[in-house]
Amino acid sequence: MSNTFLFKDDESVSTEMQAAIDRTNEAIHSRMDEALRRAVVTVRRNSWRPISSAPTSGDVLLYFPLEGLSKTHPNVVIGHRHEEGFWVFQGRAFRGYSDAYQPTHWQPLPDPPE
């Protein structure tokens, strides 16, 4: 069964109407996608907290500003605070690195998918 709407048995009118409906739907979906993307960006921006408020146990997302550093360094990683106070990710400690490569912000990990 065709998704076109029939109007007085005139195929050219139904095709034009369906094309208009398709364009409208595409515009609506595009606007919805953009609004959702902006909402996610806003939530993520507002979710970053100063590193001084990070928990002392458990994994969190860590944010590293990369100004002046190689772009091969990750900007966001999952890490946890070691009992001695320094940060660890992927088994590597952040002590011994320059002060330029230290996390400045953190946020909780998102819930896993259902």
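Predicted model: local features only at pLDDT ≥ 70, side-chain atom pairs only at ≥ 80, totals over all residues.

Author: Residues are numbered from 1 along each chain as its sequence is written, and side-chain values use heavy atoms, with hydrogens and water left out.

Reader: What makes up the protein, in helices and strands?

Author: The protein has 1 helix and 6 strands, in the order α-β-β-β-β-β-β from the N terminus. Helices (H or I, at least four residues) and strands (E, at least two) are DSSP runs, numbered from the N terminus.

Reader: Why are Trp48 and Tyr63 called an aromatic pair, and what kind of pair is it?

Author: A search of the whole structure finds 1 aromatic pair. Trp48 and Tyr63 have ring centres 5.7 Å apart and planes at 55°. Rings of Phe, Tyr and Trp (its six-membered ring) pair if their centres lie within 6.5 Å; planes under 30 degrees apart count as stacked, over 60 as edge-to-face and the rest as tilted. The pair of Trp48 and Tyr63 is therefore tilted. Trp48 lies in the loop between α1 (11-47) and β1 (49-50), and Tyr63 in strand β2 (residues 60-63), 15 residues apart.

Reader: Is Tyr63 buried, exposed or partly exposed, and why?

Author: Tyr63 has 25% relative accessibility. Buried means under 20% relative accessible area, exposed over 50%, and partly exposed in between (1.4 Å probe, protein chains only). Tyr63 therefore counts as partly exposed. In the protein, buried residues make up 19% of the 114 residues.

Reader: What joins β3 to β4?

Author: Over 2 bridges, β3 pairs with strand β4 (residues 87-89) in the antiparallel sense; the partner of His80 in β4 is Val88. These two strands form a hairpin with 5 residues between them, and Gly85 in the turn has a positive phi of about 105°.

Reader: What makes a group of residues a nonpolar core?

Author: A nonpolar core is a set of buried Ala, Val, Leu, Ile, Met, Phe, Trp, Tyr and Cys residues joined through side-chain atoms within 4.5 Å. The largest one here has 11 residues, including Leu62, Val77 and Phe89. The elements giving two or more residues to this core are β2 and β4.

Note on methods. Pairing = 2+ DSSP bridges.
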